[in-house]
Amino acid sequence: MKNYKLFLAAAVCVLAVGCYNDFDTPAPAKIWSDEDMELMGLRQISIKEVKDRFVSAFGSLENTGSNNSWSDTKTLKLGVPATPVEAGFESNPGNMKFWEEAAECYIKGKVISSDAQGNVYKSLYIDDGTAAIELKLCGTLYTTYRLDLSTNDSSWVYVKLKDFYLGNYRMMLSLGDGPSNALNTGLRDKYYANSNFESPELWCNLNNPEFNRVLRGAPCKLVEASIDNVVINTTPDENKPNIIVVDRSNYNKLNQDYYGRLIRFIDVKVRYANVTYQDEKRDANGNIEYDANGNIIWGDNITAPAFGTNGDPFPNWIVTDSGSPIFSSWYYWAYSRENVSLYGAVLMVLNENANGSADPGAYSIRTSGYSRFAMRPVPRNGSVGNVLGIYSIYSQRLNDYAQYQITVNRMQDLEFPASSLVSQAWIDHNTPPASYNPPVKDGAGEYDD
């Protein structure tokens, strides 16, 4: 889809000689530091301060990122207006405000996301112990901004805030380029409070310091701790936790302060909903039974109760921009076949009494159809495991339709026993024929969410 930038026309000056590289004998990339920021006259503020400033400017996260029109799609620019036209949007239609002092500030955070397996796309999440935020960038990021969740090895990132746009999309704040609108594949206008940078030259042009503003720092370690031991304030501290552990005893402590943060969910349970399926019949020893021809003998129909007000199926794939969203049962992590890629969702709960997606302790694991593990089988209904992922909300406001979502960086972060995964035979037997034919517009298979 093509985005149309409304406010930002950046002129990129490319010089013949690099800041520190020579063509024949390239030097290692610079590792930035607190001292470098001080030499540039910049002052550190916390990520929580940045996010709090948006709430202060517009009164709430609710109803400020619906992307239905400019009037309910709010942007806070970190700096002064670029043009008189941009300045006019502060009063008409009132969807943009300006935080001029932020142009003299920076944030510093540890990398908590990776696009190596394709489930995170054109985004870099960083955490400074007070909060986390998404940076809407472009290109391959994991080779520069390193993260190894097997060892908790990460790297610092410095972000010079001048001329970033802080925007809200469905109650999730991010830092990016100028606001934009676009026609989705359903030919409907979509309004975005900010946008991804379309070229690395706009945020990491080493030849032009004006645009060199997402800077890799030294290696560091992610700190992990129970949410019971987390204190939320605006003081960055490298010893504060960046991986927050929740379980059945404390999941209700997750609130707005944790949006965008990396959460480890312990003993989360898979819950199927609004689907009918058959498991394999098993003997007294738990072995699958076969008929005389070697075919699996299937048990009785099992109908999983509906979940929430809409009665959508789980697990599912989803088409979101064809009017009302369309769901269909799907027993892989996402849909990726015949050049069509769709998001998938698997419902998991820490709260056994949750009745809908807005209830605390109910989470939808969202997986991109472009991820490397899109067509890997999901766990069986009732399976219990651990999940490490970025915690988010998808909603215009806190109501019955709010959804709490988890985005995992790697397949390895879905820790379920191999024995709990459905087999290919199970998938073939239980997937409705209609699920293999989503309503793809013009064969594109590209959908906004």
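Is Cys105 buried or exposed in this structure? Cys105 is buried, because its relative accessible area is 1%; here buried stands for under 20% relative accessible area, exposed for over 50% and partly exposed for anything in between, with a 1.4 Å probe and protein chains only. The model is predicted, so local features need pLDDT of at least 70 and side-chain atom pairs count only at pLDDT 80 or more, while totals for chains, interfaces and linings use all residues. Residues are numbered from 1 along each chain as its sequence is written, and side-chain values use heavy atoms, with hydrogens and water left out.

With a disulfide taken as a pair of cysteine sulfur atoms within 2.5 Å, the count comes to 0 disulfides. Cys220 takes part in no disulfide, and the nearest cysteine sulfur, which belongs to Cys204, is 19 Å away. Cys220 is buried, with a relative accessible area of 11%.

Attention now turns to the interior. In soluble globular proteins, nonpolar side chains tend to be buried together. A nonpolar core is a set of buried Ala, Val, Leu, Ile, Met, Phe, Trp, Tyr and Cys residues joined through side-chain atoms within 4.5 Å. The largest such core has 91 residues, and Ile107, Phe265 and Tyr272 have the most contacts inside it. A second, separate core of 8 residues includes Ala273, Phe307, Phe314 and Ala354. Contact means heavy atoms within 4.5 Å; leaving aside neighbours within four places in sequence, the contacts of Ile107 include Ile45, Val50, Ile126, Val159 and Leu175.

Rings of Phe, Tyr and Trp (its six-membered ring) pair if their centres lie within 6.5 Å, and planes under 30 degrees apart count as stacked, over 60 as edge-to-face and the rest as tilted. The structure holds 20 aromatic pairs. One of them joins Trp317 and Tyr335 edge-to-face, at 6.2 Å centre to centre and 80° between the planes. Trp317 lies in strand β19 (residues 316-319) and Tyr335 in strand β21 (residues 335-337), so this pair ties together parts that are 18 residues apart in sequence; helices (H or I, at least four residues) and strands (E, at least two) are DSSP runs numbered from the N terminus. Trp317 is buried at 2%, and Tyr335 is buried at 2% relative accessibility. Tyr335 also forms a tilted pair with Trp330, at 4.7 Å centre to centre and 40° between the planes. Trp330 counts as buried at 0% relative accessibility. Elsewhere, Tyr259, Phe265, Tyr363, Tyr391 and Tyr404 form one aromatic cluster.

Charged side chains complete the picture. A salt bridge is a side-chain nitrogen of Lys or Arg within 4 Å of a carboxyl oxygen of Asp or Glu, and the count comes to 19 salt bridges. In one of these, Lys48 meets Asp257, with the closest N and O atoms 3.1 Å apart. Lys48 lies in helix α2 (residues 47-58) and Asp257 in the loop between β15 (243-246) and β16 (262-270), so the pair ties together parts that are 209 residues apart in sequence. Lys48 counts as buried at 13% relative accessibility, whereas Asp257 is partly exposed at 24%. Lys30 forms a salt bridge with Asp36 (3.3 Å, N to O), and the charged end of Lys30 sits over the ring of Trp32, 5.0 Å from its centre. A charge sits over a ring if NZ of Lys or CZ of Arg is within 6 Å of the ring centre and within 35 degrees of the ring normal.
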